[in-house]
Amino acid sequence: MGIEPILNLNDLEKHIQPIATEVLERQIERQFKDLKLGDEWYHKSLADAVYNLRMIKIAVEHSSLMILVHYLKWLDSILKQFSLPDDVLTVFLTCAKEVLDEKIEDKELRNNVQNIIINAKKELEPFTKEPQSFIRNDNPHSQLLYQYYHFVMEDNKKAAKDLINNAVNNGTALRDIYLYVFQPFQYEIGRLWQLREISVAKEHYCTAVTQLILSSLYDIIFSGKNNKKCCLTAACVEGELHEMGIRMVADYLESEQFDTHYLGANTPISDLVAHLKTNQPKILALSATMFFNIAKVKTLIHKLHQDELATKIIVGGFPFSIDPELWKKVGADACSHGLADVEIVINNLLKE
Ligand code: B12
């Protein structure tokens, strides 16, 4: 099927399916010509090619080489678990570069796309490292983390809950439990899922146990004084299902005398705008984890600026940790890496 000339990123999205097909056909011709691959393999590979092209588009859209590099390294570690040629990803990038070079008519866009692929490829080539474990001795609460990890992995949620409750009763700060136990534990189960060392079911179980124990800490969170500092809304942007990070941020801020409204995962843009207009919080703490949700963050912030809302916006989550300039590009007022610095960042924002 012929592909119409691409003039902008919207065109690229519109024609992403035939472009991905063309890229995949070239890759098959170069790498898999003599193999019988079957329909299922073809459809799965096509879906992957679409996803990869979309990541190139997202990186160009936000001028972020770091996002593409990070994504490709993550993908590389996934692909290494299958019996595929070592250069499967670099050949894909070469084919994608060629096809996009031919199909994009706008010179500036073509150059941007070419440059980002060339630079990402350079970063990839020497990369062979597996992602490192998050259960480490340099963690200030390594013993607690280690024990928690083992209890949950052994399906012993009661012991895990008692461990955390005892630690809190013996004076370990709530923030430390979140930052040095729950957070690295969650990252570790993500890593193990990525390496196919645990199943999706096990990852879901582990997350559910952490959520259960998080809830058991609510009496402590609400045990503070009633004179609240300021009103803050915490939410995940539309499309985003990773809500534990922003939930921990909201819970911690609640325990530090903020009056929080925690809205959870996947909050539709229109509903979030309506909530902010009604409640007029001083701060919106907005979370995104997946790169494909960054555009929604930008759209939401743009809408809030158009409506001249006085609420200050702080963003956070994985993409904002990967690319330290991204928060400015989406129009936010500030960015935080999480529990380590969020209170300082918010207090500074409130002084402005
Ligand atoms: C649990 C989990 C899920 C659960 C989420 C459940 C829930 N209730 O939240 C479910 C099953 C829904 C899920 C789905 C998916 N997931 Co997932 N998930 C995870 C996992 C294992 C843990 C997330 C977590 O709990 N983190 C712990 C918290 C504490 O950390 P955090 O989110 O970073 O938050 C901290 C800071 O970032 C910051 N912060 C975060 N937001 C904000 C906002 C503000 C304002 C501030 C100030 C700070 C802040 O503060 C927090 C505390 O310090 C991660 C692994 C990882 N590395 O995160 C993968 C991970 C994020 N998921 C991943 C993937 C691929 C997916 C799926 C695409 C899988 C699939 N094929 O369907 C989907 C996408 C869903 C979507 N559309 O959003 C990948 C992403 C890889 C990538 N580079 O793109 C990861 C990294 C796993 C991996 N190692 O491969 N996932």
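How do the residues of the shell around the ligand divide into nonpolar, polar and charged? I looked this up in a predicted model. I count 19 nonpolar, 15 polar and four charged residues.

**Entry: the ligand shell**

I listed 38 residues around the ligand. Gly190, Gly245, Ser287, Gly316 and Gly338 come nearest. Helix 9 gives the most, with eight residues. I then checked the domains: domain 2 (142-219) and domain 3 (224-351) each supply at least three residues to the shell.

**Entry: helix 12**

Is helix 12 mostly covered or mostly uncovered? It is mostly covered, with ten of its twelve residues buried. Among the buried ones I noted Gly245, Arg247, Asp251 and Glu254. I also checked its length. At 1.5 Å a residue, twelve residues should span 16 Å, and the end C-alpha atoms of helix 12 are 16 Å apart, so the two values agree. Just after helix 12, I found Gln257 with a positive phi of about 75°.

**Entry: the nonpolar core**

I looked up the largest nonpolar core and got 82 residues. Those with the most contacts inside it are Ile56, Leu68, Ala96, Val249, Ala285 and Val315. Val249 is also one of the buried residues of helix 12.

Notes. Residues are numbered from 1 along each chain as its sequence is written. This is a predicted model: local features need pLDDT of at least 70, side-chain atom pairs count only at pLDDT 80 or more; totals for chains, interfaces and linings use all residues. A nonpolar core is a set of buried Ala, Val, Leu, Ile, Met, Phe, Trp, Tyr and Cys residues joined through C-beta atoms within 7 Å. A residue is buried if 20 or more other C-beta atoms lie within 10 Å of its own, exposed if 12 or fewer, and partly exposed in between; C-beta atoms are placed from the backbone. A residue is near a molecule or strand if its C-beta atom, placed from the backbone, lies within 6 Å of it. Helices (H or I, at least four residues) and strands (E, at least two) are DSSP runs, numbered from the N terminus. Ala, Val, Leu, Ile, Met, Phe, Trp, Tyr, Cys and Pro count as nonpolar, Asp, Glu, Lys and Arg as charged, and the others, Gly among them, as polar. Domain bounds come from an automatic or database domain assignment. The expected span of a helix is 1.5 Å times one less than its number of residues.
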